[in-house]
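I opened this notebook to keep track of what I looked up, one entry at a time.

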Amino acid sequence: MKKFLFLLFLFTSESHLLAQKNSSYVFVFLHKRVDLPELPKGELDKLMEGHLENINKMAKEGKLLVAGPFEGGGGIFIFNTKLQTDVVEWLKADPGIQANRWRLEILTYTPQVGGVCAVGEKYEMVTYSFIRFIPNIAKFNVQDAPELFGKHDRYVKDMMKDGNTIAEGSFGDSEGGIWIVKGELDKETIEKDPAVREGFIELDIKKLYIAKGSFCEK
């Protein structure tokens, strides 16, 4: 299983770092499912082999730009398209997804810091702190949304001054966004975000294992 975890999200593309110029992409969360029955090793291995084959195929075709697993299960894909319908069609060939091994969440992603780059055959695997900001908009706080979003944006930009930010981007106001940083995250500091303290934004913090350069970082 560790072998598959390592290989699962590695793929070959061009032999150089290719920066993509799209202003937006399609971002897929593959959420770990804890409600699945345990499969025999042979059956699970076959699913993961097919999953890896489809990853390599999509990468070689220029469809899949970025992929990486989370510590503890699940992971992300970033696709070279603005159309979610494209991604739904491309993922139909993945046997692991056909078998519902993950719960998919498909979102439009617009980078604001960093970018989205396909990494070639020579790469270094790194671990980053991955923070997802999830808006918790309800009737009782919707009128405060513009002000709280503004406070949140200013707070995150202030935290970025330490130079550890790898990427930051948005899924749109209703879906929030992500922030990816080097090193260990000071959770107490990020929890001081005014929008987090007010319960307007929820945090999902994970470790992301990915090829260096996937977000166009040096």
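**Strand pairing in the sheet**

I began with Ile-131 and found it opposite Ile-205 in β10; on its other pairing, Ile-131 stands opposite Trp-179 in β9. I keep in mind that this is a predicted model, in which local features need pLDDT of at least 70, side-chain atom pairs count only at pLDDT 80 or more, and totals for chains, interfaces and linings use all residues. Residues are numbered from 1 along each chain as its sequence is written, and side-chain values use heavy atoms, with hydrogens and water left out.

I then looked up β7 and β10, which pair in the antiparallel sense over eleven bridges; two strands count as paired if DSSP finds at least two bridges between them. Strands (E, at least two residues) and helices (H or I, at least four) are DSSP runs, numbered from the N terminus.

For β7 (residues 125–135) and β9 (residues 177–181) I noted antiparallel pairing over five bridges, and there Phe-133 has Gly-177 of β9 as its bridge partner.

Next I checked what touches this region: helix α5 (residues 145–159) packs on the sheet in contact with β7, β9 and β10, where contact means heavy atoms within 4.5 Å. The direction of α5 makes about 160° with that of β7, with axes fitted to C-alpha atoms, for helices over the stretch in contact, and angles running from 0 to 180 degrees between N-to-C directions.

Is β7 mostly covered or mostly open? I found nine of its eleven residues buried, that is, under 20% relative accessible area, whereas exposed means over 50% and partly exposed lies in between (1.4 Å probe, protein chains only).
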